[in-house]
Structure formats: C-alpha cells, structure tokens
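Hi,

Here is the structure I promised to pass on to you. Have a look at it first, and then read my notes below.

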Amino acid sequence: MHPRTRGPVVGRPRPRRGVRRAGALVLVLAPALVLGACSGDPDPVVTPTETVTAEAQAAKVAPPEPVVPPTWALTGVQSGEIVDRPALAVKVENSREARPQTGLEQADVVWEEIVEGGVTRYVAVYHSQLPETVGPIRSVRPMDAGIAAPLGGLVVFSGGTPPFVQSVRDAGLQVVSHDEGASGFYRVSARRAPHNVYGTTQTFLSQAEAGRATPGAQFVFARDAARSTPAVAGSPVSGVDISMSSYSKPSWSWDEATAAYQRSESGTPAVAASGTRLAATNVVVLRVELYDTQYTDPAGARVPETQMIGSGEALVLSGGKGVTVSWSKPDAASPVALTDAAGQPVKLAPGNTWVELVPTGSGSYTTR
C-alpha cells in the first residue's frame, strides 16, 4: 500500500472512546490552569493548619479542678468555715478519782503522759470544737512546754512548780493559770479537792493575747481515710494494749460501726461525763525516754519528765490497720514528725488523734 494511503496502522491499537474523552478533558483543563497562573490574579490565601498536641486537646476538654474546702489544722477535717482562733491546751487529770472527765471527747488531739506515781495526765488540745466545760484541770509538768510549743496558743492549768510554769512561758505560750487568778476556773462540790477544778473554754479563749491565731498543722493528714498511710501500707490491727506503768494500762480496740478506736482503762470502757465513749480516729504510740527530775511533788515523789526532743519508734493505728514508723522532734518549737521506712511523711486519716507517750524502759505495748 502507498504510504499516504489511509487505513489502519498495523501494530498500533486504536484507543477506546473513553480514553479519548479523558485525554480531551485533560487537554481542555490544562490551558485553563495555565491561563489562571498567568492571569495576574493574587495567589489564593492558604490558612495554615493548627497543630494541637494531645495535652492541649485534653486541657480544652478537661473538667475544672474540684474546689477542696479548707481543713481544720489539727484534724485535717474539711469544713466550709474555719474559725481563726488559737489552740487551747488544757491539763486534764486521769487518776481514778478524776474519771469520768468532762470535754475530752471534743478534743482535736490528746497527749497522754506519765507523771509521778505512775499516774497519767492529759494535754487535751481544743481548736475545731470547744466544749462548754472541761476538767478536772490539774498542774503543769516539765514536758508540757515541748508538747504545746508548736501550737503557739494558750496553756491552761491549775498549779505547777515555778520552773515548769516558766518553761511554758519561755516556749512562747500564753499561761492561763488558776493560781495566778485567770478567769474561767471554778470548783464543783460533787468532787473533793484537788480533783474538782473545772473551767469554761470560751472564757479562757477570751483572754487570748493579740496575735494568738490559728495553729499550724501538727501532723500530716491524707485527704480521706482511704489514703492514710495505715490504710495504704499497714496491716490489720484490731487493737493495742499499752502499759504506761503498773498503775495505768490503757487499751484501744477497733470498732467498725463507728470507724474509730475505742478506749478502755484497765479493761473498763472509758467514757466522758456526757456518757460518750472516748474514741480516736488515729492512735499514735511514741516510744520515749523518761527520767526523774530534781523536783518532787507534795508527797515527796520525784517528778518525771518525758524527753520530747529526740527520735524513736512509733506505731500508728487508723482504720483498723497499723504501721510501724519513726518519730522525730529536733527542738521544742517543732511538731513531732512521723516518717515511714523510706523517710516519707506518714499521713493520718482526717479526724481526732490520741498520742500515747510510752516509756521505753518501764512501759510497753502489744498489738492485737
């Protein structure tokens, strides 16, 4: 065939219709794109894409942090209203003639200490609650300055050796003394002296010097009982039996119904004058050194002193569990610090606390 003759070309397949149209569409659009690029119009505005991290996205949708109500300094209990007032540390008797005592069930913290004759006495600290009446009120002892100094408040007592009274003043505390004529003390006829001195807490506080304000925290508290150190790291402890001396043998037993440890004196349930069982959210047992001072009581017995500055073993009970920890107090002004085996602060459950100052030599305790 002549080269100019039209006909099918051997070896070159004819494109199908669809392919032809697609090719035509490309040819039509291509000039349009070229014209658009050369038309002189401004380039289209391109909005950059915002890069948002996962943390930023979470922050945008995360709910606001819940507002945590303020807490009482000495109990860690949350409250919608915290009253700004100083702590009131009252010396309360614990001989058999003094029981049942008035107002102990409302104390934020109670410290139990050995005095002469193996009898114990309390330093009952009031802040979040104020009973109308407290007593029987007795005399000050040499360790009371170290116990109450971190509170920076008022110490209430009836009687005391002058050096012991002065040690309280030297610790920066305000003395409210029956012997010195402070207001608020009175005697009841239902009991014999010296077990009959009582007082009104509001009257004691009304005498507070200017500048006496809310105390600092004395212990570290968890936000709730489930986060306390005994709850997290402790073992079940149904109670503890304590021998402070041959005379004084208190014990504490866990009560599930009230979620507290209940106190007994030599096996007899301990109750307040109101009929309320004495109980504690936290029981803290400190092993302490005890020695006799050069002073004697009216009967001629040596007055012992608990060494509050130092360190030693401690037991913390809360929520039906217990944990062995350490305590330390570098000076009179510092609160007792409780730490675990790793040196971390021990957290108590929110609520009241009883502290047992058990002598290392003559005293002991056994958990159940």
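First, some housekeeping. This is a predicted model, where local features need pLDDT of at least 70 and side-chain atom pairs count only at pLDDT 80 or more, while totals for chains, interfaces and linings use all residues. Residues are numbered from 1 along each chain as its sequence is written, and side-chain values use heavy atoms, with hydrogens and water left out.

Let's start with helix H4, residues 162-170. (Helices, H or I, are DSSP runs of at least four residues and strands, E, of at least two, numbered from the N terminus.) Which residues of H4 are buried? They are Phe164, Val165 and Val168; buried means under 20% relative accessible area, exposed over 50% and partly exposed in between, with a 1.4 Å probe and protein chains only. These three cover an arc of only 100° around the axis, so they sit on the same side of H4. The face of H4 turned away from the buried side carries exposed Pro162 and Asp170. Among the elements that the buried residues of H4 pack against are helix H3 (144-148) and strand E5 (154-157), where contact means heavy atoms within 4.5 Å. Just after H4, Gly172 has a positive phi of about 85°.

Now the rings. The whole structure has seven aromatic pairs. (Rings of Phe, Tyr and Trp, the last by its six-membered ring, pair if their centres lie within 6.5 Å; planes under 30 degrees apart are stacked, over 60 edge-to-face, and the rest tilted.) One of them is Trp111 with Phe219, stacked at 6.4 Å centre to centre and 25° between the planes. Trp111 is in strand E2 and Phe219 in the loop between helix H5 and strand E9, so this pair ties together parts 108 residues apart in sequence. Both residues are buried. Tyr122 and Trp354 have ring centres 5.3 Å apart and planes at 80°, so they count as edge-to-face. Ring pairs also link Tyr122, Trp252 and Trp354 into a cluster.

Last, the sheet: three strands form an open, antiparallel one in the order E4-E8-E7. (Two strands pair if DSSP finds at least two bridges between them.) E4 and E7 are the edge strands, each pairing on one side only.

Cheers

Methods. The arc is that of the directions from the helix axis to the C-beta atoms.
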